[in-house]
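Subject: Structure for you to look at

Hello,

Here is the structure I said I would pass on. Please open it alongside this message; my notes follow below it.

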Amino acid sequence: MVTRVQELESRLSKNSHNSSNPPSSDGLKKTQSLRRKSGKRPGGQVGHTGKTLRQAAVADHVVEQKLPERCDACHAALPVAQAQVQERRQVLDIPVARHEVTEYRTLSLVCQCGKLHESRFPEKVTEHVQYGPNIRAVAVHFTQGQLLPYARASELMADLYQLDISPGTLHGWTREADALLSPSVQAIAQQVSQSPVVHVDESGLRVQAKLQWLHTSVTPTHTWYGVHPKRGIEAVNAFGVLKDYVGVLVHDCWAPYWLIQCVHALCNAHLLRELTFLAQSSGQAWPQRMMDMLLAAHRGCERARTQGITAVPSRQVLRWIRRYRALLDEGQALNPQRVKEQGKRGRAKQSDAFNLLRRLRDHEQEVLRFARDLSVPFTNNLAERAIRMPKVKQKISGCFRTLAGAQSFCTIRSYLDTARKHGIGMLEALRVAFNSAPMEFVGSG
């Protein structure tokens with residue numbers, strides 16, 4: 001009974017900072033940040049390049065404030081043409097936008113021999129009246145880039161450009177973008193599969209009022225999304241992106257990832273949250289000491305990277321490993337394995353502390369991979385950030401009405417987030433795609 005009460009109390013004390021619970025589950029609870037004081041003063045640091053609003057060298061419009069024609073003292077005529085500019089002030093603003101109409105006309109002419117000559121419309125001008133590629137790019141950017149619902153995007157197009165475009169038309173342009181960008185996204189998947197380090201994560205996605213799973217595989221330069229009814233290895237094999245992957249896979253220890261025959265690295269941010277929970281709930285000292293040790297190793301690796309060092313000295317790594325194992329021994333002495341009570345079926349339920357300690361022991365290589373290999377990051381933050389925007393889309397717009405709509409979103413967001421990582425704005429990437437051809441993003445990081 002006492003054990004059950006402790007388990008219930010522990011469950012109530014969990015939040016997004018000490019467990020894998022989402023931030024939306026925190027409510028109005030006061031949480032404790034994992035960040036530590038850096039010792040630096042607030043504000044811009046020494047050496048930081050500041051940014052401020054600067055005057056343009058050439059103005060688009062110049063308005064000169066007129067001088068009086070006569071002196072207000074002696075009333076003599078003033079030579080206004082000889083006046084010099086005393087001071088300049090600039091106002092940055094945007095013009096009121098409105099769509100433009102371009103009319104194409106074909107011509108016909110009969111030669112003196114009787115042959116009729118007719119000019120032709122451009123290849124992409126196929127209708128009596130049609131929307132241009134820039135309008136389609138802006139509309140898709142509103143719904144897939146800025147995550148607006150179709151109805152609100154339709155209203156915004158009317159407010160900004162005086163265009164009465166129905167939500168149904170916006171749906172059609174999304175499907176068009178999906179077909180247009182699919183080859184580029186296949187190339188993105190290929191780049192991800194060949195990357196030496198890949199971050200992966202998954203999260204639930206509501207589609208047609210049913211649970212589907214959003215999967216993502218990312219690198220610093222590429223982002224790939226997919227949606228599948230399954231969460232585990234069946235989805236991984238169906239997508240094919242990681243089916244034969246041989247690099248380093250960074251993840252949160254979700255069991256199906258271990259079935260991929262590659263090198264593994266665990267996200268230490270997840271471990272820090274679990275250690276924070278144990279430090280708060282158990283009153284034992286080893287969780288905080290383990291956090292301090294992992295963060296110290298992380299800082300050491302960051303210093304090595306900034307100094308251009310390709311690997312942390314082996315003696316330093318060995319010191320971290322010895323400290324890591326000593327803390328595990330300390331924790332296991334305080335949290336021994338529970339023995340199954342006589343007469344009860346099944347295995348004995350172990351404490352959260354014991355389970356975490358066993359995981360840290362079993363996966364020591366994967367936990368400390370970041371220390372042995374500086375190409376491996378400390379956390380799985382890249383994948384978690386990639387998951388965030390689709391979750392925001394779902395919160396704003398609700399569930400996806402169709403599976404095709406969810407798949408289109410994954411295709412377009414893969415292209416847009418990859419463009420962003422290459423320093424290309426999402427609107428510009430769509431504008432180029434609709435005007436000529438989608439961009440290709442070569443190189444894997």
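Which residues in H4 meet which residues in H14? The model is a predicted one, and in it Trp-173, Glu-176, Ala-177, Leu-180 and Leu-181 of H4 are in contact with Leu-430, Ala-433 and Phe-434 of H14. By class, this contact has 7 nonpolar residues, 1 charged residue and no polar ones.

Helix H4 covers residues 167-193 and helix H14 covers residues 426-435. Their axes come within 11 Å and cross at roughly 80 degrees. Angles from 65 to 115 degrees count as roughly perpendicular, so H4 is roughly perpendicular to H14.

H4 also packs against H3. The axes of H3 and H4 come within 9 Å, with a crossing angle of roughly 105 degrees, which means that H3 is roughly perpendicular to H4. On the H3 side the contact involves Tyr-150, Ala-151, Ala-153 and Ser-154; on the H4 side, Pro-167, Leu-170, His-171 and Thr-174. Here the classes are 5 nonpolar, 3 polar and no charged residues.

Next, the cores. The largest nonpolar core has 43 residues, and Met-157, Leu-242, Leu-249 and Tyr-415 touch the most other members. Elements giving two or more residues to this core include H3 (150-161), H4 and H14. H4 provides the largest share, 8 residues.

Leaving aside neighbours within four places in sequence, Met-157 is in contact with Ile-135, Val-138, Ala-139, Phe-142, Gln-162, Leu-163 and Ile-165. There is also a second, separate core of 33 residues, with Phe-277, Met-290, Met-291 and Ile-321 among them.

Regards

Definitions and conventions: Residues numbered from 1 in each chain as written. Predicted model: local features only at pLDDT ≥ 70, side-chain atom pairs only at ≥ 80, totals over all residues. Heavy atoms only, no water. Axes fitted to C-alpha atoms, helices over the stretch in contact; angles between N-to-C directions. Helix = DSSP H or I, 4+ residues; strand = E, 2+ residues; numbered from the N terminus. Parallel < 35°, antiparallel > 145°, perpendicular 65-115°, else oblique. Contact = heavy atoms within 4.5 Å. Nonpolar A, V, L, I, M, F, W, Y, C, P; charged D, E, K, R; others polar. Core = buried A, V, L, I, M, F, W, Y, C linked by side-chain atoms within 4.5 Å. Buried < 20%, exposed > 50% of the residue type's maximum accessible area, 1.4 Å probe, protein only.
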